[in-house]
Structure formats: structure tokens, C-alpha cells
Amino acid sequence: MVLFGYSEAVVRTVYTYPPQTSLCGNILGMLLLLLLYGVVLMIVAHKLPSLPLWVLCVLIFIGTNGETYFNTGALVSCVQNFPKSRGPIVGILKGFAGLSGAILTQVYAMFHFPDQASLVFMVAVGPSIVITAVMFLVRPVGGHKQVRPSDHSSFLFTYSICIILAAYLLAVLLLQDLSSLSEKVVTLLTIVLLILIVLPVIIPIFLVFFSGPRPVLEESLLPEPDKQESSRMGSFILTLSETEDEKSSEAETLPPSERQKRIAHLQAKLYQAAAEGAVRVKRRKGPRRGEDFTLLQALVKADFWLIFISLVLASGSGLTVIDNLGQMSQSLGYANTHIFVSMISIWNFLGRVAGGYFSENIVKYYAYPRPVAMAAVQVVMAFALFFYAVGWPGSIYVVSVFIGLCYGAHWAIVPAAVSELFGLKSFGALYNFLTLASPAGSLIFSGVIASGIYDYQAKQQHEHRIQGSGLGLGVPLVKDEFLTCYGTICYSLTMAIMSGLCIIAFILSMIVVHRTKRVYAQIYGNPLA
């Protein structure tokens with residue numbers, strides 16, 4: 001835990017400071033990756049003696065945390081470049097991050113490396129080469145000043161590629177699981193896969209060379225009257241409670257020019273009253289919703305903790321299902337358990353892409369808080385978990401599809417919502433803190449609840465089998481004997497508990513929706529006004 005906290009602190013520090021430092025983060029992440037797999041490669045190739053288990057655990061921890069730097073750097077830069085399309089950007093990036101393992105597996109199968117050392121070498125060198133090639137290109141470039149009319153069609157094209165890629169990869173995984181393919185067929189399938197992955201590169205090539213001069217649309221992220229109001233007010237505000245942010249006012253329904261006149265008039269009266277001592281003013285203690293927060297400022301806000309706890313309950317439940325899906329399908333009598341594991345990664349990918357797309361439509365066309373999309377997927381998760389808990393037919397298929405979709409959707413919706421409510425200045429720090437939610441929830445739900453109930457049911461079944469065989473109870477278990485549980489009873493109680501937790505997460509998300517309605521109306525405008 002100490003090492004994990006240190007790694008997270010470094011990531012937050014790197015991506016809280018100006019954009020140029022993201023280059024340092026990419027270099028540091030690449031060095032950590034090379035350190036881990038370099039040592040593992042030397043051990044596998046017998047260049048180094050075998051190391052103690054705890055040393056390998058530390059190395060694996062350091063190397064795998066190197067991925068955090070690339071993930072954060074790409075996500076922060078792209079959200080800053082496309083602030084008007086945060087949902088699609090987060091969904092696409094997080095989707096491909098989740099699908100990367102399956103893609104690299106296919107690449108490895110195509111090259112058919114002769115030994116383990118070759119696999120480790122590919123994992124160590126391949127990503128490092130790609131990162132070195134693009135880390136000077138992935139950076140914030142003032143995207144809000146470069147809005148194009150073709151952005152919508154470009155995202156639709158990317159979404160189409162994502163759907164085709166998911167369907168193709170699912171078909172390839174099923175073919176490989178259910179039949180034996182020749183080396184030539186695997187190579188051909190992998191080449192087609194790589195072509196699909198690089199197809200989105202057509203978009204920037206077309207826009208640069210074939211779309212003519214680029215229209216520069218200067219779009220501010222906040223309405224101009226708000227900026228003028230902010231500059232005139234300076235650092236003094238009335239002593240008001242935070243809950244007044246959520247109260248609607250008559251001024252919101254006025255035209256911008258009339259509203260600006262009324263604000264100027266009220267400010268003049270405020271300054272006069274303050275000068276005469278009739279009203280008390282004080283320095284502003286911190287930013288308001290929709291402005292830039294630091295991590296420490298966000299940690300004292302109720303909205304941030306409501307989102308975090310909701311994410312712990314829902315994503316922790318989803319990750320518990322993903323971690324135990326193989327054992328769940330085995331307990332129900334399915335032979336090819338790895339098929340469900342392969343499929344849920346595809347649903348996870350589609351959930352991330354779809355979550356970003358639909359949540360973006362909610363905020364753009366209805367100016368409604370993005371967390372309502374998170375609440376909706378949590379209701380679906382609760383239903384899927386309850387479906388398995390009651391033991392209805394086909395429950396393993398329902399769980400694998402809906403949990404994969406909904407778990408993935410969380411990681412497209414939540415980062416985008418946090419960037420809107422707490423700003424982009426410290427988005428890297430806020431995002432990395434939120435990533436603690438999923439493993440924290442899984443540590444409790446999977447490591448304590450699910451495993452404890454499974455072991456108890458397996459022991460009960462073991463004793464019943466002994467009693468039925470006539471040996472009687474009290475036969476001692478062999479040390480380290482692995483007991484297997486069969487039937488829906490193995491996970492039904494766990495699923496019921498997590499279904500209830502998802503309902504609690506839904507309630508917390510709806511509280512955030514209620515508290516942030518006015519903020520989203522200010523950011524995206526009220527289409528009903």
C-alpha cells in the first residue's frame with residue numbers, strides 16, 4: 001500500500017502541473033515498463049538467477065504502474081483538446097485501453113514466438129517503441145479553439161470502427177476457442193485486425209490534406225457574461241451557503257444582455273453597501289462547481305465523495321463479477337469457461353464506447369447532469385445481478401453481457417463528469433484518485449464477501465458428499481485441499497448483496513444529479529428556456 005500510494009502521488013504530481021510535464025510522465029512510465037520486463041526477460045533467459053517472490057512482486061508492481069502514466073497522459077491531453085466532446089473521447093480511449101490485452105494476444109499468436117523470452121521481449125519493447133514515437137505528439141493543443149463542423153461525423157466514423165472491431169474480435173476469439181485454426185488463418189485474421197485498428201488515422205489525414213482551410217471557431221468554455229462577471233467581482237463574494245448554487249433564480253430566464261445589465265446593477269449596489277458597512281463580504285474560500293479544483297479542494301466537497309462512493313459500490317461489484325466469471329461458469333457446469341471471460345472483455349469495450357456516446361447526448365441535447373447516465377447503468381447492473389441471484393435460466397449470459405457493458409460505461413461517464421464538475425486543471429490527479437474506487441470495492445466484495453461465501457458453500461457440499469458416501473462427518477480436510485462449489489448457490493447470495501449495493505449506488509448518483517442540475521444548465525445551456 002505504501003508503494004501504491006507513492007506511485008499514485010507521483011502520477012498526480014506530474015499531471016497536475018503544466019502540459020509540458022506530461023512528456024516527463026511518459027518517459028518515466030516507459031522507464032518503469034522497461035525496468036520490470038527487462039528484469040523478467042533476464043530471468044526467463046537465464047541471464048540472472050531466480051529472485052525471491054517478494055522481489056518479483058515489487059518489480060511487477062512498479063512495471064504495471066508505469067501504464068498509469070501513459071493512460072493519464074493520453075486521457076488528460078485528449079480531454080483538454082476536445083472539451084466539448086468529453087464523453088466520446090473518454091469512452092473511446094478507455095475502450096481501447098480495455099481491449100489492448102486481447103489485441104496484443106492476437107499479435108503474439110500471429111508471430112508464434114518459440115519461447116517465453118520472446119513474449120516478454122515483445123511486451124517490453126513493443127509498447128516502448130510506440131510510446132517513444134507518439135509521446136511528442138500527444139499533448140494539449142487548445143482544442144476548444146479548433147472546433148470543426150466535421151467533428152460530429154468524425155466521431156460517428158470512429159464509433160462505427162469501434163463496433164466493427166468489437167464484432168470482429170469477438171468472432172475471432174470464439175473461432176480460436178471453439179476450433180483449431182492454422183497458422184496462416186491466424187496471421188490473416190490478425191492482419192485484418194490491425195487494419196481495423198489503424199483505420200481512424202484516416203480522419204486526421206483527410207482533414208489535413210483534403211478538407212481545405214480549417215475554420216477556426218473561437219469557442220469559450222464558459223459564457224462570456226460569466227467571465228465578465230467573474231472579472232468584475234474579483235475575489236469578493238457575498239457570504240452565501242453552497243446550497244444556494246442549486247437554487248434557480250429569475251435572472252436565468254432573462255436574455256444575456258438584460259441579465260448582464262441586472263448583474264451590473266446589483267454589483268454596483270453591493271459595492272456601495274460594502275463601502276458603507278451595510279453588508280459583510282469576505283474573500284472567496286475556493287472554486288465553485290464547474291471551475292478548476294485541485295485534488296485537495298475536491299476532497300472536501302460532498303459531490304466528489306458521493307461520486308467516489310457510488311463508483312466503489314458499482315464498479316467494485318462489476319469487477320468482482322469479472323474476476324470470478326470463470327469460477328461462476330464452472331460452478332454452473334460449463335466446460336469452456338474461458339469463452340465467457342473472452343466475451344466480457346468485448347462487452348466491456350462496447351460499454352465504454354456506448355457510455356461516452358449516450359452520456360454526451362444527455363448533456364448536449366437536454367443539458368441534464370451526466371451522472372444520470374451512471375445512475376441508469378447502475379439500475380441495469382442491479383437487475384442483472386438479481387437475475388443471477390434468483391437462478392433464472394441463462395443467468396450467466398445475462399450477467400456477462402450486462403455487467404460487462406455497465407462496468408465499462410462507468411469508466412466513460414465518471415471521468416467526463418468529474419472533468420465538468422471539478423475542471424480540467426487537475427484532471428489527472430482527480431482521475432487517478434477515482435481509479436482507486438474499483439480495486440477498493442473489489443478487495444472487499446471479491447476478497448472478503450464472494451470468496452468467503454464460496455468457500456463456505458464448497459465446504460458444506462464437501463461435508464454432504466462425505467456424509468452421503470457413508471464416511472460420516474468430521475473427516476478432516478487435507479491441507480491446502482481445493483474445494484469446488486457447484487450450482488447457483490455458490491454466488492447467489494453474493495450477487496444479491498451486490499445487487500443491493502448497486503441500488504445504493506443509484507441513490508447516491510441521483511443525489512449528485514439533483515445537486516448539479518444548475519451547473520449543467522449553465523455549462524450546456526437550457527434547451528427548454
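These legends describe close-up views of one predicted protein model. Residues are numbered from 1 along each chain as its sequence is written, and side-chain values use heavy atoms, with hydrogens and water left out. Because this is a predicted model, local features need pLDDT of at least 70 and side-chain atom pairs count only at pLDDT 80 or more, while totals for chains, interfaces and linings use all residues.

**View 1. The whole protein chain.** The protein chain has 19 helices and two strands; helices (H or I, at least four residues) and strands (E, at least two) are DSSP runs, numbered from the N terminus. Of its 529 residues, 43% count as buried. Buried means under 20% relative accessible area, exposed means over 50%, and partly exposed lies in between (1.4 Å probe, protein chains only). Among contacts with a separation of 6 or more, 83% are between residues 24 or more positions apart; a contact means heavy atoms within 4.5 Å.

**View 2. The largest nonpolar core.** A nonpolar core is a set of buried Ala, Val, Leu, Ile, Met, Phe, Trp, Tyr and Cys residues joined through side-chain atoms within 4.5 Å. The largest one has 64 residues, and the members that touch the most others are Val321, Met328, Phe422, Tyr491 and Met495. Helix H15 (residues 395-422) supplies the largest share of this core, 14 residues. Leaving out residues up to four places away in sequence, Met495 touches Val321, Met328, Leu385, Tyr388 and Ala389. A second, separate core has 33 residues, including Cys162, Leu165, Leu169 and Leu193.

**View 3. Helices H12 and H13.** Two packed helices are described by the angle between their axes and the distance between the axes. Here the axes of helix H12 (residues 302-331) and helix H13 (residues 337-366) come within 8 Å and cross at roughly 150 degrees. H12 is therefore roughly antiparallel to H13. Axes are lines fitted to C-alpha atoms, for helices over the stretch in contact, and angles run from 0 to 180 degrees between N-to-C directions. Angles under 35 degrees count as roughly parallel, over 145 as roughly antiparallel, 65 to 115 as roughly perpendicular and the rest as oblique. On the H12 side, Ile322, Leu325, Gly326, Ser329 and Gln330 meet Thr337, Phe340, Val341 and Ile344 of H13.

View 4. Ala367 lies in the loop between H13 and helix H14 (371-389). Ala367 is not a glycine, although its phi is positive, at about 50 degrees. With a relative accessible area of 8%, Ala367 is buried. H14 packs against H15 at an angle of about 160 degrees, and their axes are 9 Å apart. This makes H14 roughly antiparallel to H15.

**View 5. Gly95 in helix H4.** Gly95 is part of helix H4 (residues 86-111) and is buried, with a relative accessible area of 0%. Gly95 and Asn348 are 253 residues apart in sequence, yet their C-alpha atoms are 7.4 Å apart in space. Not counting residues up to four places away in sequence, Gly95 touches Phe349 and Arg352.

**View 6. Val123 in helix H5.** Val123 belongs to helix H5 (residues 116-134) and counts as partly exposed, at 23% relative accessibility. Val123 and Leu104 are 19 residues apart along the chain, with 8.4 Å between their C-alpha atoms. Neighbours within four places in sequence aside, Val123 is in contact with Leu33 and Tyr37.
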